[in-house]
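Morning, everyone. Let's bring the structure up on the screen and walk through it together.

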Amino acid sequence: MEDSRLDSKEGEQDERVESDFPLTRLFEKLCPIYMVYGMTYDEFWHGDVYRALFYKKAYRERMRIQGELNDYNFWLQGMYFYEAVCDASPIYHAFAKKGTKPLPYPDEPYGVKHKREKEMTEQDIKNGRLIAQVQFDNWFRATKNHFDNIGKGGKNETEIDNK
Amino acid sequence: MNTKIELEYEGQNYTLEYDRDGIRMLESRGFKLEEFLQKPMTNTELVFQGAFLKNHPNTKLTTIDEIFKECPDKAGLMSTLNKMITDSYNSLLSEPEDDDPKKVQWKTVDLTPKKESKTKE
């Protein structure tokens, strides 16, 4: 015995399943959309009704951030293309001398190079501070000894200045 | 965030609230939103029963009916249940608050000519 439901056209079966009740129909229509927003089926039907609002807001925020990230990535890729073309440009010159070579392409991504430069700068600052501290301590010790010697009746100031 | 009704009956605490599955069941039992919005005092017992479906689905109908009879201020109760039901679909259709400063703000400007009042001396 043939099942007539199998002969139905696309879309007809969906219309037959659609609820006659307005609120139920609305919920069933919006449920897949909110599942795209990240809500689970159980949360949509059994959770607090106001969660839907936050899921919608979170989805829009996620799309905005994703858009900004994509924009940055596309810009960065453009930078790499630009660098590649510029580095290779010497050999594209029509009257380039024999033996002309392209400029070397960077060994590492821009982010790694920038991070390493930033780390070195911080290390340099720390080293500079240590050196300054040591020099100050030496100067302080020397000055203290000098005035201690004067106080104990050691060499007078004029003899030290002449040296 | 959900609006809830908390009550105590015979030593037991009840929290009444709606979820979308509960409203779907209400509609399958004959609840009609349009009728309820226009005449809030229709289908009152059905609406009240529906509020038990989320947190107390196994509560007997006779118990629910007794609780409903004992509840004071039925008009206020129906008003609250009305709000809870409308929240279930308003939360899907309303737009979240936007903090974007570039959002367009508009206001009406009254450009109707104003008559100057001549004062007689």
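Start with one side chain. A:Arg64 is partly exposed, with a relative accessible area of 42%. Keep in mind that this is a predicted model.

What does A:Arg64 pair with? Its side chain meets that of A:Glu61 in a salt bridge, 2.5 Å from N to O. A:Glu61 is also partly exposed, at 37% relative accessible area. Both residues lie in helix H4 of chain A, residues 51-92. They sit three residues apart there, about one turn of the helix.

A:Arg64 has another partner. A:Glu68 forms a salt bridge with A:Arg64, and the closest N and O atoms are 2.7 Å apart. Here the spacing is four residues in helix H4 of chain A, again about one helical turn. Why does spacing of this kind work? An α-helix has 3.6 residues a turn, so residues three or four places apart point the same way. A:Glu68 has 49% relative accessibility. The cut-off for exposed is over 50%, so A:Glu68 counts as partly exposed.

Next pair in chain A. The side chains of A:Arg51 and A:Glu43 form a salt bridge at 2.8 Å, N to O. A:Glu43 is buried, at 16%. Buried means under 20%, so A:Glu43 falls on that side of the line.

How many salt bridges are there over all chains? The search of the whole structure finds nine.

Now the interface. Chain B gives 25 residues to the contact, and chain A gives 24. Together the two chains bury about 2,400 Å². Of that area, 60% is on carbon and sulfur atoms.

Two salt bridges cross between chain B and chain A. Look for B:Lys54, which forms a salt bridge with A:Asp48. Their closest N and O atoms are 2.9 Å apart. There is also a salt-bridge network that links A:Glu28, B:Asp21 and B:Arg24.

Which elements of chain B give two or more residues to the side that touches chain A? They are helix H1, residues 20-28, and helix H5, residues 74-93. H5 of chain B gives the most, with seven residues. By class, this side of chain B has nine nonpolar, five polar and eleven charged residues.

Let's step back to chain B itself. It has five helices and two strands. Along the sequence, the pattern is β-β-α-α-α-α-α. Of its 121 residues, 40% are buried. Take the contacts in chain B with a separation of 6 or more: 62% of them join residues 24 or more positions apart.

Zoom in on helix H1 of chain B. Its buried residues are B:Arg20, B:Asp21, B:Gly22, B:Ile23, B:Leu26 and B:Glu27. What covers them? From chain A, the cover includes helix H2 (22-36), helix H3 (41-46) and H4. From chain B, it includes helix H3 (44-50) and H5. After H1 of chain B comes B:Gly30, with a positive phi near 115 degrees.

B:Glu10 is not a glycine, yet its phi is positive, near 50 degrees. Look in the loop between strand E1 (5-9) and strand E2 (12-16) of chain B. B:Glu10 is exposed, with a relative accessible area of 70%. B:Asp73 is not a glycine either, and has a positive phi of about 50 degrees. You will find B:Asp73 in the loop between helix H4 (61-70) and H5 of chain B. B:Asp73 is exposed, at 58% relative accessibility.

Last, confidence. The predictor gives the complex an ipTM of 0.74 and a pTM of 0.61. Chain B averages a pLDDT of 83, and 84% of its residues score at least 70. One caution: where pLDDT is low, the predicted coordinates should not be read in detail.

That's the tour.

Notes: Residues numbered from 1 in each chain as written. Chains lettered and ligands numbered in written order. Predicted model: local features only at pLDDT ≥ 70, side-chain atom pairs only at ≥ 80, totals over all residues. Heavy atoms only, no water. Salt bridge = Lys/Arg side-chain N within 4 Å of Asp/Glu carboxyl O. Buried < 20%, exposed > 50% of the residue type's maximum accessible area, 1.4 Å probe, protein only. pLDDT = per-residue confidence, 0-100. Contact = heavy atoms within 4.5 Å. Buried area = accessible area lost by both parts, 1.4 Å probe. Nonpolar A, V, L, I, M, F, W, Y, C, P; charged D, E, K, R; others polar.
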